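Please read them alongside the model itself.

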Amino acid sequence: MDYLNNIDLDSIKIIDKSEYPTKKAKEDKVTNDIDNLFKELNIHDGAVISFHHHLRNGDYVTNLIMKQVQKLGIKNVTLVASSLFPTNKELIPLLKDGTIKNIVTSYISGELGEAISHGELQGYIVMQSHGGRGRSILNGEIEIDVAFIASPSSDNKGNISGVNGTNSCGTLGYAIADSMMAKKVVAVTDSLVEYPNSPADITEDYVDHILVVDSIGLKSGIVSGTTMITKDPIGLKIAKDTLKVMAASGLLKDGFSFQSGAGGISLAATSFLRDYMIENNLKGSFASGGITGYLTDMLEEGLFDSLFDVQCFDLKAIESLKRNSNHLRMSASQYGNPEVSTVVDNLDIVILGATEIDTNFNVNVMTGSHGMLMGGSGGHQDTAAGSKLSIIVSKLFSSRIPLIKDKVDVITTPGSTVDVLVTERGICVNPLRQDLIELFKAAKLNVVDINELKDYSEKIMGVAKPIEKTDRVIGLSEYRDGRIIDYIYEVK
């Protein structure tokens, strides 16, 4: 619009009546012919293709589309998937034949992760946080050629809703950046509904094509074993002590905000928090993150004013999103993009898990005791950095292997953003948080030095054997702002 400051009327051509635009029908976006669709998309060698994971282990779309890519002989694709689950083991042959060269994701589990750990990916895997993924797509660091969006329902113009349709999965928060920035966007759906499909998580102006398939997956695959409250007495003790930590911090007061992971101990702590809030007539402002039925119950009981939801962890959460106007959708960028104003920066307390933690409070949730990929940051980095109090909850031993080490296998979340570790044998506070140490001692909590707790656990179980790895770097652990915080090595 620079010409507004340099208007030269002689240079402006007024179109002739013969050139006036006429009304014409828009091209039909809907097809069930995947072969013809791929001809139009013209996906080429080295293309960048993205997917979202809200159907989690019930997703069929990623495998379906990538097998079509393989069928067409397209090579060296970069797969940008918000998360990958055991169901994606069908992609392993695509690593071996060079269809998929690189992977960018926030979480990976199952045989696909193991195959990558054993060096079967010819390029690299980059592990991001959810907020980091939104950031890198929106700022153009990752340029997506085609985004395929598993759509529980779509109308014939491309209004996609996550709460309508046979396989409703709730909010589509991780797909929003993809829909805004990809060169082409394809809604893949098994429920084509009447126009307008409402409420739309992604609207028609961001969708180029609609591919109708027999099934996008199974909504039952959304729920995993980790989204259940622990019944283990040790886990319950950790959860009770976590509530004591929250209370002693001084943050549990009217208007506080909260997030917990979907692990068994975290959910138990959430359950104890509910009882505490009722007993003390306490009301929170919002809870956020991946939302479970435990949180939607608290919303409907009036214990929180609202929920910010980036993914629904169970079917109860999906129903709540459809029913409750104060159960709010949010994009991954609004959730945790470090380059903009985000929900995590308004969080008081977050409860998170760990597979390992070191004496500098660095946390690994990416690889297991065998060194193989079996998780990822998700929102771990984002919430640890943004919240006033980040609490790691874990047993001191897992399968007879100590939790605390001198150095974690892969740093997922830097210790500079982790405040407290709660175990069954004591509570460790990051020395950077002297304010918390004083508050917890005043509340007579069992505060112990993390080095002492490590020594204790090693006396009981011994020092864990080093993981055998090669010198080959197979991937990078990326911090939410785009900097690399650790290498990921091939496992022997």
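1. Among contacts (heavy atoms within 4.5 Å) in the chain between residues at least 6 apart in sequence, 71% join residues at least 24 apart. This is a predicted model, in which local features need pLDDT of at least 70 and side-chain atom pairs count only at pLDDT 80 or more, while totals for chains, interfaces and linings use all residues. Residues are numbered from 1 along each chain as its sequence is written, and side-chain values use heavy atoms, with hydrogens and water left out.

2. The chain holds 14 helices and 25 strands, which are DSSP runs numbered from the N terminus (helices H or I, at least four residues; strands E, at least two). Its radius of gyration, taken over C-alpha atoms, is 24 Å, close to the 23 Å that the globule rule (2.2 Å times the number of residues to the power 0.38) gives for 492 residues, so the chain is as compact as a globular protein of that length.

3. Buried residues, meaning those under 20% relative accessible area with a 1.4 Å probe and protein chains only, make up 58% of the 492 residues.

4. Leaving aside residues up to four places away in sequence, I116 touches L95, I103, I108, L121, I125, L373 and I474.

Conventions: Buried < 20%, exposed > 50% of the residue type's maximum accessible area, 1.4 Å probe, protein only.
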